[in-house]
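Hi there,

Here is the structure I promised to pass on to you. Have a look at it first, and then read on for what turned up in it.

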Amino acid sequence: VDGALAGGCACWCIHRQNRHAEVGYWLDAGHTGRGLATRMAAAVVGQLFQVERLHRVEMLCAVENTAS
């Protein structure tokens, strides 16, 4: 965002045999509330379903992480 790294989203584990993956993301505290994480995650998940042809994608977050 404006030349600064705002966060990241990545698939760190693809289970090819079961055709599912795990995705995680982080966002700098100064860039929250703008929908950036939602757009990042949608792009990564879309790629996993469309290009990698997976059946399931999992994202986990801590219960106390209400923003996520």
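In what sense do β1 and β2 pair, and over how many bridges? They pair in the antiparallel sense, and there are 8 bridges between them. Before we go further, please keep in mind that this is a predicted model.

**The overall layout**

The chain holds 1 helix and 3 strands. The C-alpha atoms fill a box of roughly 40 × 30 × 15 Å along the principal axes. Of the 68 residues in the chain, 26% are buried. As for contacts with a separation of 6 or more, 45% of them are made by residues 24 or more positions apart.

**The sheet**

The strands make an open sheet of 3, in the order β1-β2-β3, and the pairing is mixed. At the edges sit β1 (7–15) and β3 (56–58), each of which pairs on one side only. On average, neighbouring strands of this sheet are turned by 25 degrees against each other, if you ignore direction.

Now for H20, which lies in strand β2 (residues 20–27). Is H20 buried or exposed? H20 counts as buried because its relative accessible area is 10%, and the cut-off for buried is under 20%. Leaving aside residues up to four places away in sequence, H20 touches C13, I14 and H15, and also L54, R56 and E58.

**The helix**

Helix α1 covers residues 36–50, so you can count 15 residues in it. From its first C-alpha to its last, α1 reaches 21 Å, close to the 21 Å expected at 1.5 Å a residue.

Which residues of α1 are buried? They are L36, A37, A41, V44, V45, G46 and L48. What do they pack against? The buried residues of α1 pack against β1, β2 and β3.

**A histidine in a loop**

H31 is found in the loop between β2 and α1. H31 has a relative accessible area of 11%, so it counts as buried. How far apart are H31 and V1 in space? Their C-alpha atoms are 8.4 Å apart, while in sequence H31 and V1 are 30 residues apart. H31 touches V1, L5, A6 and L36, again not counting residues up to four places away in sequence.

**The largest pocket**

You can look for empty space as well: rolling a probe the size of a water molecule over the atoms shows where it is left. The largest pocket has a volume of about 350 Å³. There are 18 residues lining it, and the closest to its centre are Y25, L27, A37, A67 and S68. β2 and α1 are the elements that give two or more residues to this lining. Which element gives the most? That is β2, with 5 residues.

D2 is not a glycine, yet its phi is positive, near 50 degrees. You will find D2 in the segment before β1. D2 counts as exposed because its relative accessibility is 83%, and the cut-off for exposed is over 50%.

R53 is another residue that is not a glycine and has a positive phi, of about 60 degrees. Look for R53 in the loop between α1 and β3. With a relative accessible area of 52%, R53 is exposed too.

Cheers

Technical notes. Residues are numbered from 1 along each chain as its sequence is written. This is a predicted model: local features need pLDDT of at least 70, side-chain atom pairs count only at pLDDT 80 or more; totals for chains, interfaces and linings use all residues. Side-chain values use heavy atoms; hydrogens and water are left out. Helices (H or I, at least four residues) and strands (E, at least two) are DSSP runs, numbered from the N terminus. Buried means under 20% relative accessible area, exposed over 50%, partly exposed in between (1.4 Å probe, protein chains only). Contact means heavy atoms within 4.5 Å. Two strands pair if DSSP finds at least two bridges between them. Axes are lines fitted to C-alpha atoms, for helices over the stretch in contact, and angles run from 0 to 180 degrees between N-to-C directions. The expected span of a helix is 1.5 Å times one less than its number of residues. On a 1 Å grid over the protein atoms alone, a cavity is a set of points where a 1.4 Å probe fits but cannot get out, and a pocket is an open set with protein on both sides within 12 Å along at least five of seven lines; lining residues have an atom within 4 Å of a point. Grid points are joined across faces, edges and corners, and a volume is the space filled by probe spheres set on the points.
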